[in-house]
Amino acid sequence: MKLFLILGAINAMLAVGLGAFGAHGLEGKISAKYLEVWKTGVQYQMFHAMGLFVIAFLVSKFPQSSLLTAAGWTMFGGIVLFSGSLYVLSTSGIKVLGAITPLGGVAFILSWIFIVIVAAKSL
C-alpha cells in the first residue's frame, strides 16, 4: 500500500510540474501539435497517478491480492511507457517513439482489468 501511495503522489506531483513546464516552458519552442501531445502525456499521467492511489487503497482492503500488486506495477509501467514516450516524442520529434505509446496504453488497460477482476472476486 505504502509504495503505490508514494508512487501515486510522485506521479501526481510530476504531472503538475510537467504540465506547468509544457504550458510555460515549451510554449513557442515546440509546435502546437507537439504541445498537444505533451498535454496528453500529462493528462494520462495524472489520471493514472490517481489510479495508483486507488490501488493503494484497495491493497489496504485486500492485502492478499497479488493481482492488485500486478495492477500497480502495470499502471506505473504504463505511465512510464505512455506518458514518457509522449514527453520524449514532443521534445525530440523522434516519431518512432510513437510506437512505444500504445504499449503504455495496453498496460493501462491491463491494470484496470486487474482491478475489475479483484473487485469481482472480492466484493
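Which backbone oxygen does the side chain of Lys29 reach, and at what distance? The side chain of Lys29 reaches the backbone oxygen of Gly25, at 3.3 Å. The views below come from a predicted model, where local features need pLDDT of at least 70, side-chain atom pairs count only at pLDDT 80 or more, and totals for chains, interfaces and linings use all residues. Residues are numbered from 1 along each chain as its sequence is written, and side-chain values use heavy atoms, with hydrogens and water left out.

**View 1. The whole protein chain.** The chain holds four helices and zero strands. Helices (H or I, at least four residues) and strands (E, at least two) are DSSP runs, numbered from the N terminus. Along the sequence the pattern reads α-α-α-α. The C-alpha trace spans about 50 × 25 × 15 Å along its principal axes. Of the 123 residues, 41% count as buried. Buried means under 20% relative accessible area, exposed over 50%, and partly exposed in between (1.4 Å probe, protein chains only). Take contacts, meaning heavy atoms within 4.5 Å, between residues at least 6 apart in sequence: 76% join residues at least 24 apart.

**View 2. Lys29 in the loop between α1 and α2.** Lys29 has a relative accessible area of 65%, so Lys29 is exposed. Lys29 and Gln64 are 35 residues apart in sequence. Their C-alpha atoms are 49 Å apart in space.

**View 3. The largest nonpolar core.** This core has 29 residues. A nonpolar core is a set of buried Ala, Val, Leu, Ile, Met, Phe, Trp, Tyr and Cys residues joined through side-chain atoms within 4.5 Å. Phe4, Leu52, Ile55, Leu68, Leu89 and Ile115 touch the most other members. At least two core residues come from each of α1 (2-25), α2 (32-61), α3 (66-92) and α4 (101-122). The most come from α2, with ten. Beyond its neighbours within four places in sequence, Phe4 contacts Leu52, Ile55, Ala56, Leu68, Thr69, Gly72 and Trp73.

View 4. Asn11 is found in helix α1. Its relative accessible area is 5%, so Asn11 is buried. Its contacts, neighbours within four places in sequence aside, are Gln45, Ala49, Leu52, Phe76 and Ile79. The axes of α1 and α2 come within 8 Å and cross at roughly 160 degrees. That makes α1 roughly antiparallel to α2. Axes are lines fitted to C-alpha atoms, for helices over the stretch in contact, and angles run from 0 to 180 degrees between N-to-C directions. Angles over 145 degrees count as roughly antiparallel, under 35 as roughly parallel, 65 to 115 as roughly perpendicular, and the rest as oblique.

View 5. Ser83 sits in helix α3. Ser83 counts as buried because its relative accessibility is 0%. A polar atom of the Ser83 side chain lies 2.8 Å from the backbone oxygen of Gly41. Leaving aside neighbours within four places in sequence, Ser83 contacts Gly41, Tyr44, Gln45 and Gly78. α2 and α3 pack at about 165 degrees, with axes 9 Å apart. α2 is therefore roughly antiparallel to α3.

Note on methods. A polar contact is a pair of N or O atoms within 3.5 Å; within protein, one must be able to donate a hydrogen and the other to accept it, and residues adjacent in sequence count only if both atoms are side-chain atoms.
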